Amino acid sequence: MQPEQDPVKRQIDYRHPLPVRVWHWANAAVLAVLLMTGLLIFDIHPHLYWGDEGHAGVPAFLSLSGTHLDRDVPQTELQVGNHRWDVTGILGSVIDDGFGGKYLLAAPAPADWQFGATRGWHFAFAWILGLSLPLYGLYLLGSGRLKKMLLPTRGDLELRSIANEFWQHLRLKRARGESARRYNLLQKVSYLSVIFVLIPTLVLSGLTMSNAITAAFPDLIALFGGRQSARSVHFLAAMLLVLFVLVHVFQVFVAGFFNLMRSMITGRFVVDREDSA
Amino acid sequence: MTDLITRRTLLGSFAAAGTLLAGCSRLDDKTPFRQLLDASDGFTMHAQRLILAKRPLVRELPPSQISATFPMNGTTMPQGDYYKRLLDDEFRDWKLRVHGLVDRPLALTLAQLQSLPARTQITMHNCDEGWSAVGQWTGVQLARLFALSGLRPNARYAVFHCLDKIDLDGKYYYESIDLQDALHPQTILAYGMNGKQLPIGYGAPLRLRVEMQIGYKNAKYVDRIEVVDRLDTIGKGRGGWWEDFDNAVWYAGQ
């Protein structure tokens with residue numbers, strides 16, 4: 001971050017070098033495709049199991065079931081653990097199974113859906129995610145950005161600082177002046193979690209669903225506690241990532257949409273003056 | 001043919017009340033997109049072949065893990081007089097043919113197949129829909145059949161032509177794998193399941209178990225095996241029914 005002074009005494013930081021911006025936007029696009037195709041893959045079997053096996057007749061910890069599939073709006077029930085909710089009209093879409101019967105999806109799919117192609121696209125984009133992640137990790141380490149921007153400082157971890165951080169977040173208060181120039185603790189922890197925990201978990205649990213890869217690396221199955229566990233972890237991690245994106249985008253609006261978008265597009269971040277509040 | 005019910009569904013017409021999820025569906029018919037998909041699949045295959053250089057086996061599970069019920073997916077009862085006749089005399093007159101780029105074409109009855117050394121394996125079947133079930137499979141290794149038939153130097157793929165018509169327009173199911181998967185020790189033609197004769201719903205008289213790959217590659221009701229040097233003359237040219245009609249990936253090690 002090299003401070004620059006402009007005529008009206010605004011301070012501008014060069015906050016995001018090119019690799020950061022490229023990875024950010026490439027990831028945003030790739031994750032959008034992976035999320036859409038992933039949801040479609042889930043749609044065809046909306047049940048999550050724990051352990052190795054999992055199929056109709058095996059207890060699921062999350063499951064959508066339906067009756068009266070002959071109706072336009074089927075009677076559907078969402079089960080999570082021991083809880084059951086009537087989700088008729090909210091979840092559930094019925095399609096012909098080609099044998100004169102009906103089949104339940106969680107949500108309507110495109111009319112000309114090719115399931116096989118959906119999987120193909122998912123794998124194609126997973127390659128981009130899987131290959132760019134370690135590269136970005138190396139960049140963060142090699143450039144010093146990890147230490148400079150992402151790792152919490154001693155000051156961040158002081159109890160008073162943490163308490164203050166939560167209080168500012170609860171009030172949705174925008175950081176100004178010096179404190180706006182650096183990521184706060186909650187930001188640091190969420191970015192670190194996404195880059196070093198969540199996305200790696202998605203990649204590894206995805207790989208664990210592969211027969212060939214687990215033949216070469218059988219420990220992957222043990223790591224996730226079974227093949228179906230890996231599938232469930234994959235889904236739940238994806239949902240956590242969606243949650244992160246929602247909060248992330250919300251925060252962008254809270255903290256100044258134009259400035260933050262500019263900084264992620266051009267790299268330049270304008271620091272509000274301390275007294276402009 | 002593992003996933004017939006659902007996929008047929010998707011091929012059949014249905015009115016989606018409102019499309020919640022946007023897909024990349026029609027894009028695939030345009031050549032550049034399909035090429036991208038194929039390129040990605042080829043990349044996956046080469047990457048996986050690197051990590052499979054030591055020819056590992058997929059894990060084999062203890063009998064206690066055999067699934068109490070095993071989903072009966074895809075075709076569960078082939079239609080037509082021919083299969084009915086085969087059933088009527090319990091496949092006694094039926095013969096598995098191995099032909100194409102082989103030195104000695106084979107025609108083997110079920111009894112002859114069963115007299116060959118057998119391999120029994122308890123493995124997990126992973127359907128591309130997402131579910132997994134464990135079954136015990138008994139059969140003859142494809143490598144053993146190819147040792148009997150011999151392979152011509154230009155042989156590259158094994159194509160499995162099946163007895164069940166899957167298509168709405170009445171095509172027989174077909175699938176293909178390359179010789180590395182075909183010659184893998186766990187790639188068998190199973191005539192037994194969970195200690196009994198292979199039931200009709202699971203592919204009697206004979207089904208492929210290609211454990212390195214996912215459900216739809218494991219063709220049921222195998223009638224003949226054709227050894228070829230290229231796949232573009234088979235079906236619509238992508239090597240399998242789902243590949244041709246649903247743009248599924250051909251190399252399905254995922």
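**Briefing: chains A and B of a predicted model**

B:Trp250 sits in the segment that follows helix H7 (241-246) of chain B. The model is predicted, and every value below is computed from it. Chain B contains seven helices and ten strands, while chain A contains eight helices and nine strands. Chain A is assigned two domains, domain 1 (4-44 + 113-276) and domain 2 (48-105). The points below begin with B:Trp250 and chain B, then turn to chain A.

- B:Trp250 is buried because it has 24 C-beta neighbours inside 10 Å, and the cut-off for burial is 20 or more.
- Apart from neighbours within four places in sequence, the contacts of B:Trp250 are B:Asp41, B:Arg238, B:Gly239, B:Gly240 and B:Glu243.
- From B:Trp250 to B:Pro71 the separation is 179 residues in sequence and 23 Å in space, C-alpha to C-alpha.
- B:Asn247 also lies in the segment after H7 of chain B. Its phi is positive, near 55°, and B:Asn247 is a residue other than glycine.
- B:Asn247 has 25 C-beta neighbours inside 10 Å and therefore counts as buried.

**Other backbone features of chain B**

- Most residues other than glycine have a negative phi, and most peptide bonds are trans. The residues in this group are listed against that background.
- B:Arg55 is not a glycine, yet its phi is positive, about 50°.
- B:Arg55 belongs to the loop between helix H2 (31-51) and helix H3 (81-88) of chain B.
- Is B:Arg55 buried or exposed? B:Arg55 is exposed, because 11 other C-beta atoms lie within 10 Å and the limit for an exposed residue is 12 or fewer.
- The peptide bond that joins B:Ala204 to B:Pro205 is cis, with an omega near 10°.
- B:Pro205 is part of the loop between strand E8 (196-197) and strand E9 (207-209) of chain B.

**Chain B overall**

- Chain B has 254 residues, of which 48% count as buried.
- Among the contacts in chain B with a separation of 6 or more, 69% are between residues 24 or more positions apart.

**Chain A overall**

- Chain A has 277 residues, and 29% of them count as buried.
- The C-alpha trace of chain A spans about 75 × 45 × 40 Å along its principal axes.
- For contacts in chain A between residues at least 6 apart in sequence, the share joining residues at least 24 apart is 57%.

**Domains of chain A**

- The C-alpha centres of domain 1 and domain 2 of chain A are 33 Å apart.
- The contact between these domains of chain A involves nine residues of domain 1 and eight residues of domain 2.
- On the side of domain 1 of chain A that touches domain 2 of chain A, H8(A) gives the most, with five residues.
- That side of domain 1 of chain A is made up of two nonpolar, five polar and two charged residues.

**Helix H1 of chain A**

- Helix H1 (residues 18-43) of chain A has 26 residues, so at 1.5 Å a residue it should span 38 Å. The end C-alpha atoms of H1(A) are 37 Å apart, which agrees.
- The buried residues of H1(A) are A:Leu31, A:Leu34, A:Thr37, A:Gly38, A:Leu39, A:Leu40, A:Phe42 and A:Asp43.
- An α-helix has 3.6 residues a turn, so residues three or four places apart point the same way.
- Strand E8 (102-105), helix H2 (115-143) and helix H8 (227-265) of chain A are among the elements that cover the buried residues of H1(A).

**Packing of H1 against H8 in chain A**

- The axes of H1(A) and H8(A) are 12 Å apart, and the helices pack at an angle of about 145°.
- The crossing of H1(A) past H8(A) is left-handed.
- On the H1(A) side the contact is formed by A:Arg21, A:His24, A:Leu31, A:Leu35, A:Gly38 and A:Phe42. On the H8(A) side they meet A:Phe235, A:Ala238, A:Leu241, A:Val242, A:Met264 and A:Ile265.
- By class, the residues of the contact of H1(A) with H8(A) are nine nonpolar, two polar and one charged.

**Helix H2 of chain A**

- H2(A) has 29 residues and reaches 42 Å from its first C-alpha to its last, close to the 42 Å expected at 1.5 Å a residue.
- A:Gly144 follows H2(A) and has a positive phi, near 85°.

Notes:
Residues numbered from 1 in each chain as written. Chains lettered and ligands numbered in written order. Predicted model: local features only at pLDDT ≥ 70, side-chain atom pairs only at ≥ 80, totals over all residues. Helix = DSSP H or I, 4+ residues; strand = E, 2+ residues; numbered from the N terminus. Expected span 1.5 Å × (residues − 1). Contact = placed C-beta atoms within 7 Å. Domains from an automatic or database assignment. Nonpolar A, V, L, I, M, F, W, Y, C, P; charged D, E, K, R; others polar. Axes fitted to C-alpha atoms, helices over the stretch in contact; angles between N-to-C directions. Left-handed = near helix turned anticlockwise from the far one by under 90°.
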